[in-house]
Amino acid sequence: MAVAVYTESVLILSIQYVSTRGQAAPQSFSHILLGGLASDGGLYLPAHYPQVTDAELNTWRSLSYADLALQILKKFATDIPEADLRTLTHKTYTADIYRNARKGEDAAQITPLRKLEERNGTQVVLQALSNGPTLAFKDMAMQLLGNLFEYTLDKQHAELNIFGATSGDTGSAAEYAMRGKRGIRVFMLSPHRKMSAFQTAQMFSLQDPNIFNIAVEGVFDDCQDMVKAVSNDLDFKARQKIGTVNSINWARVVAQVVYYFRGYLAATTANSQKVSFTVPSGNFGNICAGHIARMMGLPIDRLVVATNENDVLDEFFRTGIYRVRKSAETFHTTSPSMDISKASNFERFVFDLLGRDSDRLRALFKKVDTHGGFDLSGKPGSDGNEFQQVARYGFESGKSTHADRIATIRDVEATCGLTIDTHTADGVKVAREHLTPGVPMIVLETALPAKFNETIREALGRDAERPAGFENIEALPQRFEVMPADVEKMKSYIAERTGL
Ligand SMILES: *Cc1c(COP(=O)(O)O)cnc(C)c1O
């Protein structure tokens, strides 16, 4: 007994991260911060989930967002001194950065709740996550990542060159988080003339010397292929100190755990109450953080996955079959940040669902590569029956189409007086189908409507409101380079600029 207690306290002092595929050495938080996949191709998760006590939840009710983020982060980043984490979280979560709160809202709340409606005695509320510099929820995690990267690189006297591809939201959030940071350069590929005017202006108007926007003559897949090709050249990657900030980054996931605690604490008055969350999902990053919050002991009832026409995840949570799509089967929709063919963070949940059996997980994801998916439905010939366990984790799902988005944007405007963006509309549509009497439903708002104005015009016949400072963004001077989809040219471009 004494040994068990001792072991537990040691684990709390220092959390180690293990790979889902079980063939990479455990690492500390700081070690996995700058990397992507584990060396065995898996994703990192803590060896165990730190727990939150009833007493802690009570004290956390009165904390500012920055202090709440500190309390949560310190359970995961056990190898960074608390005083430093405090500086980093306070620098990240300030009203200055989250200044796009709506009229009547306090920007210092960072993620204020907005009441939407009451349906059959159930409150439906939006949690605003898009008040950051690029008007999408990705800012919330990416801003923290920028500060964590700068802090870690400073300590190691090291530098990092972030190389990625974007179709809009991710690249923009990354650039705004990394601009002007010591030791960091960002090389971001985007398909030339394929992003919306607003998104293009947001990225290309940045004049910071450490940001390099490269418009590739091709489509998004060409950009992604170039990133893969460069990442597969291990010599080049090491010499040029190439890193990524994609959605599998563990620190991004942890930063997102905070919204579930914050949303829960804001919607309840006692820890005996439960809430549910609906999350517009693509790569399963945001809702994976909800799963982690629930595993930590946060009283979450349901976690509802909302997809658009790209319904890989909805299919799994309805049937137990995970079937990745081919590029030709991936739809370009009006909620483009959810247009995925496979969900890169899904492996983290599957690891828990399999009871953390990394041998089985490896076999299943090998099957994804060879056969395009796996089947946990328990039916004859399937790969297992773990689908039966899904409900224990609170997961449910639903999907939404373009017509649903338009109808929901109109309806929410008419009945609640709020304009919501297309991704959030997918969330509201699905949330309304998953209400439990007496359990508040929190829908995570993932972007502001101004970013997807074309669809707002289609739904409402007028432009979406733009937050202050964005009025003339398309008229600002732009700084970018047009390049062919040529990997060797790309490599020389990077090398010339890093001098490495
Ligand atoms: C990235 C994004 C999503 C999807 O989030 P995941 O973490 O990939 O599931 C949804 N909505 C918007 C607006 C996004 O930018």
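## Confidence of the model

The protein chain has a mean pLDDT of 93, and 97% of its residues reach 70 or more; pLDDT is the predictor's confidence in each residue, from 0 to 100. Residues 1-11 have a pLDDT below 50, and beyond near neighbours in sequence this stretch has one contact in the model, a contact being heavy atoms within 4.5 Å. Where pLDDT is low, the predicted coordinates should not be read in detail.

This is a predicted model, in which local features need pLDDT of at least 70, side-chain atom pairs count only at pLDDT 80 or more, and totals for chains, interfaces and linings use all residues. Residues are numbered from 1 along each chain as its sequence is written, and side-chain values use heavy atoms, with hydrogens and water left out.

## The ligand site

There are 15 residues around the ligand, and K138, D169, G282, N283 and N286 come nearest; a residue is near a molecule if one of its heavy atoms lies within 4 Å of it. The shell consists of five nonpolar, eight polar and two charged residues. In this grouping Ala, Val, Leu, Ile, Met, Phe, Trp, Tyr, Cys and Pro are nonpolar, Asp, Glu, Lys and Arg are charged, and the others, Gly among them, are polar.

A backbone N or O atom of N283 lies 2.7 Å from an oxygen atom of the ligand. For F284, a polar backbone atom is 3.1 Å from an oxygen atom of the ligand. T446 places a polar side-chain atom 2.9 Å from a nitrogen atom of the ligand. Taken alone, the ligand exposes 390 Å², of which the protein buries 97%; these areas come from the Shrake-Rupley method with a 1.4 Å probe.

Helices here are DSSP runs (H or I, at least four residues), numbered from the N terminus. Helix α12 spans residues 285-295, and nine of its 11 residues are buried, that is, under 20% relative accessible area with a 1.4 Å probe, protein chains only. N286 is among the buried residues of α12. G297 follows α12 and has a positive phi, near 110°.

In helix α14 (residues 346-353), eight of its eight residues are buried, including E347, R348 and D352. Just after α14, G355 takes a positive phi of about 65°.

## L68 in helix α4

L68 belongs to helix α4, residues 65-76, and is buried, with a relative accessible area of 0%. Leaving aside neighbours within four places in sequence, L68 is in contact with W60, L63, V258, F261, R262 and L265. L68 and R262 are 194 residues apart along the chain, yet their C-alpha atoms are separated by 7.7 Å.

Terms used: Buried < 20%, exposed > 50% of the residue type's maximum accessible area, 1.4 Å probe, protein only. Helix = DSSP H or I, 4+ residues; strand = E, 2+ residues; numbered from the N terminus. Polar contact = N/O pair within 3.5 Å; in protein donor to acceptor, adjacent residues only side chain to side chain.
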